[in-house]
Amino acid sequence: MAEKKFRVHFAPHDLETYAAGGTNLLEAARAAGVPIHASCGGVGVCGTCKVRIEKGQVESSRTRVLSEAEYDQGVRQACQTQILSDVDVFVPIESRLEQAVLAREKKQAAGIAPIGWRFKPPVSKLYLELPAPTIDDNTSDLSRLLREIRSSSTHGNLQVDFAVIRKLPEACRRDNWKVTVTLLTLSKDFNPGSGAEARIVDVEPGDTRAVNYALAIDVGTTTVCAQLLDLNRGEIAADNIVFNKQISYGADVISRIAYSQKPGGLLKLQREAVASINEVLAKLLDQSQIGRKDIALATLAGNTTMTQLLLGVNPKYVRLAPYTPALNFVPLLQASSLGIQVPESVYLVTFPAVSSYVGGDIVSGVIPAGFYQRNKLTFYMDIGTNGEIVIGNCDWMVTASCSAGPAFEGGGIKFGMVAVNGAIQDFEIDQLTLEPIIDTIGGEKPKGICGSGLINAIAGLLETGVIGQNGKFEAGLATDRVRRGEDGYEYVIAWAADTQIGKDIVLTEVDIDNLIRAKAAMYAGCHTLARSVGVQCRDFDHIILAGNFGNSVDIEKAITIGLLPDVPREKFIFIGNGSLSGARLAAFSSDLLEDALKVGRMMTNIELSDNLDFNHNYVAALFLPHTETEAFPSVKEKMDRLALSRRKGGT
Ligand code: FES
C-alpha cells in the first residue's frame, strides 16, 4: 500500500507539496519551491529558518535560538521540525531567502539594487519516490517519471532531454526508484518553439537536493571573472579571476578580431576563451571543494566580440561598417558543447547584446544597477579598453560605446600594467619638492603602473604645475625627476633601486598623451550621448561606475583630468563588476533573467564612430581637464588656487 502523504502548504507563497510523515520541514519547503533562509545549512544553530505553524501537527523541540514566547506562538525552526500531519506554514519575511539575498546584493551594489524580484533560480531540483513497476503497472520508466512529476508538482508540460532518457533506467533502479530530477524553467524567449513550461535536464539516483550550484561568468577582454553560486542558500560559494588567455593575441577587441581572420585564428581564440573559463572553474572548485557534477546551470555575460569568439562565431563584421553583430540573442546551448568542463546537463544562458560594441556585459550590468526600474535619470559607465555608456531610466535607455583604447588597463603606456600586485595604484606628489609618494597593490615594490595610478599621477603632475594643461612638461623645474628620456621628456616615478624590475619607472609625454586621448574619448562619448537625448551631465541623478577599473578610480582625480564630469560627488556610485553581478543575479532569479531580455530590447544604440558631434567633442576634450574650463568649475577653482600658492611660494 502506498505510504500516506501529508499536504504541506506554505504562505504567503501559496505553494504546497506532499510529504511522508517524519519529513523534515525545511526539505519539504525546498520540495515545494519555497526558498527559506538556512544559513547554518540545517544544523540548527543560526535560527534563520524560523517559520510559524498555523495549523497541523509537527514534532520540534525548543532550542536556544527560539524564545519561549516564540515557541508558544507556534514559531519553529524549519530545519528541526518533522511533519506529522497536514500542515499550514507561514514563512515570515525575515526567513525568506530572497530577503537575505536581496539585502546582500543591496550592500554589494552600494545602496542601489533591482526591486520586486523573487529568489527563484532557473534550475530547481525535485525529489521523487517512484512506485516500483509491477506486472500490472509496467509502464515505461519515462512515463512513470512524468506521471510522478505531474502528480507531485505544478509542472504539466515538460520537455525531456535525450541524455536524461539515456540515464533514466539505471538512475531509477540504483536507489530503489528514488530519484532527483533537475528542471530548467525559462520563458519561451529562451526556448522558442518548444511550448514546454520546463525542461528536464538531469536525473540522478537518490536525493541530491542538498547540492545545487550555478556558475556565473563574466568574459572580459582582459580577465575572466567567475563565481560558484549555492542555489539552495543564495550565496556565493567561491569567487575567482584569471586572465583571458586570448590576451597574448592582442590587448583589445579589434586586435582579437584581426587575429580571428588569420587561418585557424578563430578556432584558436575560441579555445583560449574556453581554456580561460576552465581555468577559473578549476580554481573555484578547488577553493570551494564543490564537485563539478553538482553544477546545474551556467550564466554568462561578455562583450559582443568576446561572446562571438567563445561561440566560435566569426566576429569579422563587428568591426566593419555598418558594425553588425552576428546575433544579439544567443539561444540556449549546452555549456559542454563549447568545451566548458561541466556536466552535459548544464545549459549556458547568455546575456543578449545590443550592438557590436554594447554587449551582454552591459545589459547584465544594468540589472544590479536597477535603474531600469526607476524614474531617476541615470548615467551608467563601464570603463575598460572600450568605454560603454548607458543613459536612461525605467522608460527609455540609450547606449553607446567609445573606443578608449587600452590605456586604462595599462596598454600603450611604457610601464603600464593591469591592476595586479606590484602595480602603482595611487600617487601623490609633494607640492614643494615634487617628490612622489606611491602606493602599490599588495604593498610590493613597484613593477609598473595601472590605470588608477596613471590617472592619479597625471592629476598630481597637473596640480603641481609639473605638466601643463596640454600634458607637456614645464621647463626649468627644480627637480631631477623630470628629465629628457629616449621618448622625450619624462617624470621618474620610482628609481630603479626601489623597483622590482631594476629599471627607473617613468611616465613619458607619450604616455600622458595616450591617456589624454583615452579620457577624451570617454568624456566625448558621455557628452555626445547625453546631448543626443537633450540632457546635460548635471541633469543626472546618479552616475554609476562599473568595472574593475571603475571600482578603483579616485573620483576627484578623474574629474581633475577631465575623465568624469564635474558634478556633485555624491552622485557617483561604484558597483564593481556589474557584468558578473548581473550574471549572478540571473542565476538566483528567473525574474531578473527575464528583466535582462527586457533591458536588451529597451536599449537604443547610438553609433559614435562616424558622429560629427562626437569628433568635435573629442577634439575639445584633448586638454586637461578640457578646453572649455567652465565645464569643470571646481577644477578651475582648485587649479587657480594652487597656481596662486605656487606664485606666492616662489616655486
Ligand atoms: S538552518 Fe540554521 S537553524 Fe535552521
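A: Strand β24 (residues 482-485) and strand β25 (residues 488-494) run antiparallel and are joined by four bridges. Strands here are DSSP runs of E with at least two residues, helices are runs of H or I with at least four, and the numbering starts at the N terminus. Two strands count as paired when DSSP finds at least two bridges between them. A hairpin of two residues links β24 to β25, and G485 has G488 in β25 as its bridge partner.

Keep in mind that this is a predicted model, in which local features need pLDDT of at least 70, side-chain atom pairs count only at pLDDT 80 or more, and totals for chains, interfaces and linings use all residues. Residues are numbered from 1 along each chain as its sequence is written, and side-chain values use heavy atoms, leaving out hydrogens and water.

Let's move on to the sheets. Five strands make an open sheet with mixed pairing, in the order β2-β1-β7-β3-β5. At its edges stand β2 (15-20) and β5 (75-77); each has a single partner strand, so one side of each lacks a neighbour in the sheet. On average, neighbouring strands of this sheet are turned by 35° against each other, direction ignored; axes are lines fitted to C-alpha atoms (for helices, over the stretch in contact), and angles run from 0 to 180 degrees between N-to-C directions. Inside the sheet, β3 (residues 50-55) pairs with β7 (residues 87-90) in the antiparallel sense over three bridges, and K55 has D88 as its bridge partner in β7.

Another open sheet has four strands in the order β8-β10-β11-β9, again with mixed pairing. Its edge strands, β8 (123-129) and β9 (158-160), each pair on one side only. Strand β8 runs antiparallel to β10 (residues 178-184), with seven bridges between them, and S124 stands opposite L183 in β10. Helix α5 (residues 162-174) packs on this sheet, touching β9, β10 and β11 (198-205), and its direction makes about 35° with that of β11. Touching, or contact, means heavy atoms within 4.5 Å.

Now for a pair of helices. α7 (residues 265-288) and α8 (residues 304-311) pack at about 100°, with their axes 7 Å apart. That angle makes α7 roughly perpendicular to α8 (65 to 115 degrees; under 35 is roughly parallel, over 145 roughly antiparallel, the rest oblique). L266, L269, Q270, A273, V274 and I277 of α7 meet L309, L310 and L311 of α8. Eight of the residues in this contact are nonpolar, one is polar and none is charged; Ala, Val, Leu, Ile, Met, Phe, Trp, Tyr, Cys and Pro count as nonpolar, Asp, Glu, Lys and Arg as charged, and the others, Gly among them, as polar.

S276 also lies in helix α7. At 0% relative accessibility, S276 is buried (under 20% relative accessible area; over 50% is exposed, in between partly exposed, with a 1.4 Å probe and protein chains only). Leaving aside residues up to four places away in sequence, S276 touches V224, V242, F243, N244 and K245.

The structure has zero disulfides, a disulfide being two cysteine sulfur atoms within 2.5 Å. For C402, the closest cysteine sulfur is in C526, 6.3 Å away, which is too far for a bond. C537 is in no disulfide either, with the sulfur of C526 as the nearest cysteine sulfur at 6.4 Å. C402 is buried at 2% relative accessibility, and C537 is buried with a relative accessible area of 10%.
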